[in-house]
Amino acid sequence: MKTFFILSAFALLGTCSTPKYTIRIQNLKDSIILVDSNNVTTYANTITYQELKTHLYKFASSEFQGRKVGEKGQKLAAEFLKSYYIKEHIASPFGGDNYYQTIPKDFFSKGINSSENVLAYIKGSEKPEEIIVISAHLDHLGISDEGQIYYGADDDGSGTVAIMEMAQAFNLAQKNGHGPKRSILFLHFTAEEIGKQGSEFYTQHPIFPLENTVANLNIDMIGRIDDLHKNNKDYMYLIGSDRISKELHFLSEKVNNTYYNINIDYRYNREGESHQYYSRSDHYNFAVKGIPVIFYFNGEHGDYHEISDTPDKIDYNLLERRTKLIFTTAWQIANQEHRIAIDEENEFLK
Ligand SMILES: [Zn+2]
């Protein structure tokens, strides 16, 4: 009935969209069936603002000296993440206690030391070869010329601690027999701030074949509110969700509409948008390889890339809600029957 109605409507209106395309999109929307709603809520609710806050006050503290790529503070931050995964009994994709993908000095421009991406892994129960990458960057700007620390609480401490909490939730689910069907790779990139080089290295030297990488959900700044949303803070920008897989976009929408109803703002996803955020964080290195991505972002604020990006300015309740939405989206991608489909054509719904 629905299909017929749409066909008729378009025949009457004579729009430029072809009926065939419209039917496909409608079928795609209707085909999203959410999985496992009781369990996903149970495990999403283990993500708490208290734990996010505890992790972030540590990760964005002076101890890590602004986490500049290749420097002591960044190495300590990597160690902190590794210790966390060991303590939580969350495996490395390499096995044993090696959680690092080392990037040699030569890969970077002169003056940058070797550095490391940090990776943790939960093996899928049914389709372990299919991988969902959840990522955020661990590095930041280091110390200013005046000797002041760039704490990078929002950028990207917020994404980092979101991943820590999601990994813990997926791990608990697995322990209780509700582990994801597909595998999840938790990927903390280094060297984002010097031009997305950690993700560039990973996509050039993937641990799991890129053709088996189902999607990349990348988080870069989700703990704050920008000027445009001062009176409507329950929002998040999503960028890129409809560019490679319309199914990913509809899935993401349905998860949000069903569970959280966060006000999703797509203004920065518009083609030709002047900020070009789509190409400005680590997901872009996956997108250029044809892997569906979603970039989660709160927009810029006065403390962006300033020494004043500190953990006391984070809205932890909001960070919790946004993290839960990303977790629930990942759960759906990992557990639905079929792998999300890549679009055959890209000319629509831009
Ligand atoms: Zn960032």
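## Strand β6 and its partners

Strand β6 joins strand β7 (residues 263-265) through 3 bridges, and the two run parallel. Within this pairing, Y235 has N263 of β7 as its bridge partner. The model is a predicted one. Helix α8 (residues 246-260) also belongs here: β6, α8 and β7 form a right-handed β-α-β unit.

β6 has another partner, strand β8 (residues 293-297). That pairing is antiparallel and also has 3 bridges. In it, Y237 faces F297 of β8. How many of the 5 residues of β6 (residues 235-239) are buried? The count is 4, so the strand is largely enclosed by the rest of the structure.

## The chain as a whole

The chain holds 10 helices and 8 strands. It splits into domain 1 (1-30) and domain 2 (34-335). The C-alpha centres of domain 1 and domain 2 are 37 Å apart.

Along the principal axes, the C-alpha atoms fill a box of roughly 70 × 45 × 40 Å. The radius of gyration is 20 Å, which agrees with the value near 20 Å for a compact globule of 350 residues. Of the 350 residues in the chain, 47% are buried. Among contacts with a separation of 6 or more, 81% link residues 24 or more positions apart.

## Strand β4 and its neighbours

β4 (182-189) is mostly covered, with 8 of its 8 residues buried. It pairs with β2 in the antiparallel sense over 5 bridges. There, I122 has I184 of β4 as its bridge partner.

β4 also pairs with β3, this time in the parallel sense and over 8 bridges. I134 stands opposite F186 of β4. Between β3 and β4 the chain passes through α6, making a right-handed β-α-β crossover.

## The nonpolar core

In soluble globular proteins, nonpolar side chains tend to be buried together. The largest nonpolar core here has 88 residues. Which residues have the most contacts inside this core? They are I132, I134, M166 and A330. Helix α6 (residues 153-175) gives the most to the core, with 10 residues.

Leaving aside its neighbours within four places in sequence, A330 is in contact with I132, I134, M166, I184 and L217. I184 is also the β4 residue that partners I122. I134 is also the residue opposite F186.

Helix α7 is mostly covered, with 6 of its 8 residues buried. The buried ones are Q197, G198, S199, F201, Y202 and T203. What do they pack against? Their partners are β1, β2 (115-122), β3 (127-137), β4 (182-189) and α9 (283-287).

F208 lies in the loop between α7 (197-204) and β5 (213-219). It has 16 other C-beta atoms within 10 Å, so F208 is partly exposed. Leaving aside its neighbours within four places in sequence, F208 is in contact with I131, L185 and T213. F208 and I131 are 77 residues apart along the chain, yet their C-alpha atoms are separated by 7.5 Å.

Most residues other than glycine have a negative phi, and most peptide bonds are trans. D156 is in helix α6.

Is H89 buried or exposed? With 8 other C-beta atoms within 10 Å, H89 is exposed.

N261 has 11 C-beta neighbours inside 10 Å, so it counts as exposed.

Technical notes:
Residues are numbered from 1 along each chain as its sequence is written. This is a predicted model: local features need pLDDT of at least 70, side-chain atom pairs count only at pLDDT 80 or more; totals for chains, interfaces and linings use all residues. Domain bounds come from an automatic or database domain assignment. A residue is buried if 20 or more other C-beta atoms lie within 10 Å of its own, exposed if 12 or fewer, and partly exposed in between; C-beta atoms are placed from the backbone. Two strands pair if DSSP finds at least two bridges between them. A crossover is right-handed if, with the strands pointing away from the viewer, the path from the first strand over the helix to the second runs clockwise. A nonpolar core is a set of buried Ala, Val, Leu, Ile, Met, Phe, Trp, Tyr and Cys residues joined through C-beta atoms within 7 Å. Two residues are in contact if their C-beta atoms, placed from the backbone, lie within 7 Å. The radius of gyration is taken over C-alpha atoms; the globule rule is 2.2 Å times the number of residues to the power 0.38.
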